[in-house]
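Here are my notes on the model you asked me to look over.

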Amino acid sequence: MNRAVTRTLSANTHHLRLCRRTLCSATTDHVYHATPGEVNDNVQPYDIAIVGGGMVGMALACSLATTPLTKHLKVAIIDANPALTNQVPINREDPPDPRVSTVTPATISSFKDIGAWQYVQQHRHAYFDKMQVWDYTGLGYTKYDARDVYKEVLGCVVENKVLHRSLLSRIEDTDFGKTIYPSRLMSMSLHPSSSSNIVDDTSSAEALYSRGRLAKLELSDQKSLYAKLVVGSDGAKSQVRELMGFKKTGWNYSQNAVICTVEHSVENHCAWQRFLPSGPIAILPIGDNFSNIVWTMNPKEASDLKSLSEEDFVKAVNHALDYGYGPHPRPSLLDSSSMFSWLGGNMTITSNASFEVPPKVVKLASARMSFPLSLLHANNYASKRVVLIGDAAHTVHPLAGQGVNLGFGDAFALSRTIAEGVAVGMDIGEVSVLKRYEAERRPANIGMMAILDGFQKAYSVDFGPLNILRAAAFHGAHFILPLKRNIISYASGEQRLPLFT
Ligand SMILES: Cc1cc2nc3c(=O)[nH]c(=O)nc-3n(C[C@H](O)[C@H](O)[C@H](O)COP(=O)(O)OP(=O)(O)OC[C@H]3O[C@@H](n4cnc5c(N)ncnc54)[C@H](O)[C@@H]3O)c2cc1C
């Protein structure tokens, strides 16, 4: 006899209660509200249940909605986040929200492919074509310019709520068959596959479930649903990952990131990052005279920084981005022009990109928020009927602004894999289909995670010889043209590792 593998967060949810589904016409979305205790035993299963409608889950939904092979699929999106069902207007006049993401040219291009970038452009966003990275020791700095890789931009800074809303708006432009469940996943169950062919796709959901052809999900409002494929896009604390027993590797950095919006008296067009003894501080343009600060430090320092008066906070930021902790870098310190002369003229640049001090911050323009930082990686992303994407599969240090870009990469890769499965008539929950997605994304994510973790460790030590090595690395990245080009291309979302090629 087949026995379902049921994982649950609360013993109360063991009792399955299928609830009458009530269509809410408040938005163009289908939004189902529970009527506890009522039973509907003729539930139509979904092709895909996306658990977690954050930026990455919505990118998957949007890609499915705009791809000819998948736009007919029946998709449930499960998330209690009110942003999915109650779309508060985003006002251009309000100061930007401090939760922003730097999106790479690869992400911008994918958003254009699915028709979502036009919505981003209707809101505040800031492209940047230059970046300066330097070190508090004064030994080195690197300047990147999009022109070094024959591109127009290095990236674009966008509020998370704008990215999220743009994906939602694009989906609403289509006739995609999605249903939003404003609820949380509580438990999931799966039966092992059965070779019996007494069911076909017209059989009841319960019959298909009992033959291992569907997963069953139980929600916090006591509703249940069935799906051929469950996508865990429910963030770093993913319940899909935990319920399904995916093993993971990771650690806490014992660091917090303090984020906020600040104002300058002039517009900032460059992304700046300085490595300080306790972690990096980044100041990113976000349009008009605003910038976003991401400042990493230990939790006690973060809490002290948050409780400073606004005036003292602004002073602390300007100090950290100028002479605080150490002198401005001077290229002559390591005689950079001759350091790499052995590489030959066409390999090096005589850079006239001299060190600059970022524009002064004049005002704090938002609340200060603090997030603990960790690294986490699921050892596998796919098993039968279940797959992980975004922070549910991997969480990285924000020092290079790559986290959600990796997640978007997952979402678009999974959408392509599902389309390929549909094209050849395969069951999209079959592990052989899902492993193709895992094979594409796992090496790409591990490569980026290793680099970010290495950076985090290299820059959290203040030790003479290591400082010199770091300075040499800065100088190498600044003066050796092929290396510089490859670093920019890799950070832009191209999958080649940043070595000489
Ligand atoms: C300070 C900071 C700065 C960052 N800056 C950048 C940057 O510049 N660029 C970049 O690429 N990345 C950046 N990141 C990383 C980026 O924010 C994350 O990678 C991204 O938010 C992950 O998106 P996600 O959709 O995978 O997960 P989340 O944003 O965590 O979304 C998960 C969703 O799942 C829902 N959910 C959770 N549990 C359940 C459940 N049981 N049932 C149903 N729904 C559930 C939640 O409500 C949420 O909507 C930064 C991160 C931090 C902390």
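Predicted model: local features only at pLDDT ≥ 70, side-chain atom pairs only at ≥ 80, totals over all residues.

1. The overall picture. The protein has 501 residues, and 47% of them count as buried. There are 13 helices and 23 strands. If you take the contacts with a separation of 6 or more, 77% of them come from residues 24 or more positions apart.

2. The ligand shell. Which residues come nearest to the ligand? Out of 31 residues around the ligand, they are Gly 52, Gly 54, Gly 235, Gly 390 and Gly 403. By class, the shell has 16 polar, 11 nonpolar and four charged residues. Do remember when reading that tally that Gly is counted among the polar residues.

3. Where the shell comes from. Four elements each supply at least two residues: helix H1 (55–65), strand E6 (100–103), strand E15 (248–263) and helix H10 (403–423). H10 gives the most, with four residues. Both domain 1 (5–88 + 165–247 + 378–447) and domain 2 (100–160 + 250–372 + 458–491) contribute, at least three residues from each.

4. The sheet with E6. Three strands make an open, antiparallel sheet in the order E6-E10-E7. E6 and strand E7 (125–128) are at the edges with a single partner strand each, so one side of each has no neighbour in the sheet. On average, neighbouring strands of this sheet are turned by 20 degrees against each other, direction ignored.

5. E6 up close. E6 pairs with strand E10 (residues 155–159) in the antiparallel sense over four bridges. Are the faces of E6 covered or open? Both are covered: Val 100 and Thr 102 are buried on one side, and Ser 101 and Val 103 are buried on the other. Helix H4 (residues 160–172) lies across E6, E7 and E10, and H4 runs at about 90 degrees to E10.

6. E15 and its partners. E15 runs antiparallel to strand E20 (residues 369–378), joined by nine bridges, with Asn 256 opposite Pro 372. Eight bridges join E15 to strand E18 (residues 290–297), again antiparallel, and here Ala 257 faces Thr 296. Strand E19 (residues 363–364) is joined to E15 by two bridges, also antiparallel; Lys 363 is the bridge partner of Glu 263.

7. Cys 260. This cysteine is in strand E15. Is Cys 260 buried or exposed? It counts as buried, because it has 22 C-beta neighbours inside 10 Å and the cut-off for buried is 20 or more. Leaving out residues up to four places away in sequence, Cys 260 touches Pro 98, Ile 293, Leu 364, Ser 366, Ala 367, Arg 368 and Met 369. The C-alpha atoms of Cys 260 and Pro 96 are separated by 9.2 Å, though these residues are 164 apart along the chain.

8. Two backbone angles to check. Most residues other than glycine have a negative phi. Ser 254 has a positive one, near 50 degrees, and it lies in strand E15. Ser 254 counts as exposed because it has 11 C-beta neighbours inside 10 Å, where exposed means 12 or fewer. Arg 385 is not a glycine either, yet its phi is positive at about 70 degrees. Arg 385 is in the loop between strand E21 (382–383) and strand E22 (386–388). With 24 C-beta neighbours inside 10 Å, Arg 385 counts as buried.

9. One more strand, E12. Strand E12 (residues 185–190) is mostly covered, with six of its six residues buried. E12 pairs with strand E13 (residues 215–219) in the antiparallel sense over five bridges. Within that pairing, Leu 185 stands opposite Leu 219 in E13.

Terms used
Residues numbered from 1 in each chain as written. Near = placed C-beta within 6 Å. Domains from an automatic or database assignment. Contact = placed C-beta atoms within 7 Å. Pairing = 2+ DSSP bridges. Axes fitted to C-alpha atoms, helices over the stretch in contact; angles between N-to-C directions.
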